[in-house]
Amino acid sequence: MFESEKLMNEATRAQGAGDPFWHLHDEDFEAPFMTPHLTSKGSVFMGGRNAVSLNGNWRFVIDPMREGLRQRWFEHDNHSIDEWIVPRDYDDGGWQTIPVPGCWTMQRGEWLRYEGAAWYSREFEADAPTGGDRVFLRIGAANERARVFVNGAFCGLHIGGSTPFFIDATSQIQTGNNLVMIEVDSTRRSEAVPMQHTDWFNHGGLYRDVELFTVPAVHISHLFVRLAENGVAVDLTLSSGEDGTAIIAIEGLVKARITVHAGTGSTVLDCTPELWSPDNPKLYNVTASFDADMVTDKVGFRTIERKGRKILLNGNPLSLRGIGVHEEDRDVGKCSDEADIRRRFAHLKDLGANIARAAHYPHHELVARIADEMGILLWEEIPVYWAIAFDNPPTFDNARNQLIELIRRDANRASVILWGVGNENADTDARLSFMRGLVETARTEDPSRLVTAACLINRETFRIEDRLAAHLDVIGLNQYFGWYEPGFEGLERLLANSNPDRPVVISETGADAVAGLNGPDTRLFTEEYQARILTRQVEIAARTKYVVGTFIWLLYDFRTDRRQTRHQRGWNLKGVVAADKTTRKLGFAALTRAYQQHFRDPE
Ligand code: GCU
């Protein structure tokens, strides 16, 4: 054994870290930390709960060689480095901090393109739970996977970069000072969802709120209320299989008991709420309680359904004047806050649009809450984007879990009318089976909304023809005639050649434009060119009877390393507003005019 190896062995023994670690392969040291893979089963209904915010400056280090799990950084005590008797490679990261929520990619130039593992840690005061209460950490989102350690113990792993997850830390929380450490790993992986190839920037970090909250041993884990045939349907789920009676109240309308058996209870409340709609975004205060637990929510009641080739909102035909939106900001990356979201929706209203496609992953939960208030409709989706590993069962489990987590989070949001289960996936047998499974999951979790996907043109038949379409309520079609394919003859031929039996929306179309680059509308990347494309696209779509709307791609220019021309320099410029989220291109006015003329709601 080499002298150095002998020393290393002594060192690791001295640290009590057991065998030397450097010879471990990734799968060796990761294995003990792959379970429990937290799923939506661990979710808790959050409405009205008093949560303690753990936002703020956390200690932070990047971990490019994955030493953190290998050397079990989460076990080391945090004595000062000056007191050590043997060296080690981690000293709680206390020498630098970054904000939570935040993306490490936006904190330092050298971290912009850092993709890999990083360790966050912070102390917090708490009281050990009593009387059977449970203590949870709720992480609003961590991109792309996160392992949580509380007071040195591994509490759980979550995979999926855009949905909230819950860590039951009841056994670990102690009265007084506690230490939470979170390994966030933004590595792109071919078997992940999304896989490693996307047209958006991979921001790593704890980029949404982190909270701590306590609930009774038996608590309400899910509450789903929505308008039904003859009243308001309520499904209530408890955290365990208790029997008992829950109370549900809709302020100003009704209060009733729900019999709960084996942890679930359902009823249809006999009441007639004022309908929620974009013109009348009426919200009701809803309260539900079971024994010592009580939750609240603000809910709009409306119906959304498909009849033939029409989408009906509250029984009336609905046209979709839409636009796509990414979560990307020149200064804060993937972080959103209330001001950012309200700015998005103010732009959307100025466009005369009535729906946003929150592409290509679940956006911040405030998006649907503010859309509820403002009367804006939403298409929300999971990042089953491009060439997913459709033949890999763990990949399906991951996608399904993210879909359930999204639906559980936004089930009571009237603004959400469409669940999107995929984007531009080639029509193969494996993909059909995978996506059919996701459609079934969406329908089981939420029979009250429509399911869609952004599909591709069938190039063999040159028709809107995708085997998945038979399983969707609304067929999304991404096409870029006028940009990636010159002229519009192809689009006109495609639409004339197709005969779908259900509504179609153009789920993406657009063109890049450099803000301030003006010239003939035949010259690529000019504002005039983009304006012409958007105008023609909406015109042609609107005169096709089975097309009920368009989602222009998109509202703001966004960061992506795929775009490296002198014009783009790492940004996709299809925004009708520049990356400053202020400068409107000619395309903005063109789209506003187009939506003033087309896809108007029938009088
Ligand atoms: C595709 C894809 C988008 C992408 C767009 C583009 O439609 O779905 O995510 O940004 O093309 O080329 O700009």
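Asp 291 sits in the loop between strand E18 (284-290) and strand E19 (293-299). Strands here are DSSP runs of E with at least two residues, helices are runs of H or I with at least four, and both are numbered from the N terminus. Phi of Asp 291 is near 50°, a positive value in a residue other than glycine. Asp 291 is exposed, with a relative accessible area of 68%. Exposed means over 50% relative accessible area, buried means under 20%, and partly exposed lies in between, with a 1.4 Å probe and protein chains only.

This is a predicted model, where local features need pLDDT of at least 70, side-chain atom pairs count only at pLDDT 80 or more, and totals for chains, interfaces and linings use all residues. Residues are numbered from 1 along each chain as its sequence is written, and side-chain values use heavy atoms, with hydrogens and water left out.

Phe 599 also carries a positive phi, near 60°, and is not glycine. Phe 599 lies in the segment after helix H10 (586-597). Is Phe 599 buried or exposed? It is buried, at a relative accessible area of 8%.

Next, the cis peptide bonds. One joins Val 100 and Pro 101, with omega about 0°. Pro 101 belongs to the loop between strand E3 (97-100) and strand E4 (117-126). Another joins Asn 143 and Glu 144, with omega about 15°. Glu 144 is placed in the loop between strand E6 (142-143) and strand E7 (145-150).

Now follow helix H6, residues 393-410. Its 18 residues should span 26 Å at 1.5 Å a residue, and its end C-alpha atoms are 26 Å apart, which agrees. The expected span is 1.5 Å times one less than the number of residues. Buried residues of H6 include Thr 395, Asn 398, Leu 403, Ile 407, Arg 409 and Asp 410.

Finally, the ligand. It is surrounded by 14 residues, and the closest are Asp 199, His 360, Glu 424, Tyr 484 and Glu 508. A residue counts as near if one of its heavy atoms lies within 4 Å. By class, the shell has five nonpolar, four polar and five charged residues. A polar side-chain atom of Glu 424 lies 2.6 Å from a ligand oxygen atom. For Arg 563, a side-chain N or O atom is 2.9 Å from an oxygen atom of the ligand. For Trp 553, the corresponding distance is 3.0 Å, again from a side-chain N or O atom to a ligand oxygen. Taken alone, the ligand exposes 320 Å², and the protein buries 97% of that. These areas come from the Shrake-Rupley method with a 1.4 Å probe.

Definitions and conventions. A polar contact is a pair of N or O atoms within 3.5 Å; within protein, one must be able to donate a hydrogen and the other to accept it, and residues adjacent in sequence count only if both atoms are side-chain atoms. Ala, Val, Leu, Ile, Met, Phe, Trp, Tyr, Cys and Pro count as nonpolar, Asp, Glu, Lys and Arg as charged, and the others, Gly among them, as polar.
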